[in-house]
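Please read the following note beside the sequence and the model.

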Amino acid sequence: MNSNIYISIISPVYRAEKMVHQLVERIVNSVTTITDDYEIILVNDASPDASWQVIEHECAQNKHVKGINLSRNFGQHYAITAGLNYAIGEWVVVMDCDLQDRPEEIPALYAKAQEGYDTVFAQRVHREDKWHKRLSSKIFYAVFGYLTDTKQDASVANFGIYHRNVVNAILQMGDRFRYFPTMVQWVGFKKGYLPVEHNERLEGKSSYNWSRLFRLALDTII
């Protein structure tokens, strides 16, 4: 591991050509309040728009930005796994690309982790998703928690900060189906939670329709 990298920020990218520049700019402004030893890993999940071209431009403009271009659309959680395999930071932040996860929360997540936590989940107290997204999420977590006899929290998703030990444990899991929040819960370690603001999506709409949400739920639960 390159010890010069202290924090890695991973974001899976899909249909985000108009958001990538602002995403990178806001991450840089936030993470540099902690350290100058960072990397931003943008994983293009075979987005059908010009997201990859924008990522390439950002890489050319800033040596801290690195791009991964997947050969086809594997899905968000597989894209996160690709980023985890590439990341070399002692701490790893995972966040969505649509800026509903606010980069400005990164310093607060890091500060909370310094209280002795290996994982700090961003807890979306007031979600700004559409009503059907909030409803489907609640149903998914309720059913998933019941069938697996575990406590699930619909306010928690991918956004959070994770120590290298947590990341290594997740990468050792050989599960065919990947669902990042549950994998983080499963590997254990000391967990903390931090209430954060949750923004509306900057552009476009979520790629998760009812069909994709159902398939994700079925795969994860089984």
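1. Helices (H or I, at least four residues) and strands (E, at least two) are DSSP runs, numbered from the N terminus. Axes are lines fitted to C-alpha atoms, for helices over the stretch in contact, and angles run from 0 to 180 degrees between N-to-C directions. This is a predicted model, in which local features need pLDDT of at least 70 and side-chain atom pairs count only at pLDDT 80 or more, while totals for chains, interfaces and linings use all residues. Residues are numbered from 1 along each chain as its sequence is written, and side-chain values use heavy atoms, with hydrogens and water left out.

2. The axes of helix H6 (residues 164-171) and helix H7 (residues 180-187) come within 10 Å and cross at roughly 110°. H6 is therefore roughly perpendicular to H7, a term for angles of 65 to 115 degrees. Val166, Ala169 and Ile170 of H6 meet Phe180, Met183, Val184 and Val187 of H7; contact means heavy atoms within 4.5 Å.

3. Helix H1 (residues 20-31) has 12 residues and reaches 16 Å from its first C-alpha to its last. Its buried residues (under 20% relative accessible area, 1.4 Å probe, protein chains only) include Leu23, Arg26 and Ile27. The buried residues of H1 pack against elements including strand E1 (7-13) and helix H2 (51-61).

4. The protein has eight helices and seven strands. Of its 222 residues, 51% count as buried. Residues 24 or more positions apart account for 80% of the contacts with a separation of 6 or more.

Terms used. Parallel < 35°, antiparallel > 145°, perpendicular 65-115°, else oblique. Buried < 20%, exposed > 50% of the residue type's maximum accessible area, 1.4 Å probe, protein only. Expected span 1.5 Å × (residues − 1).
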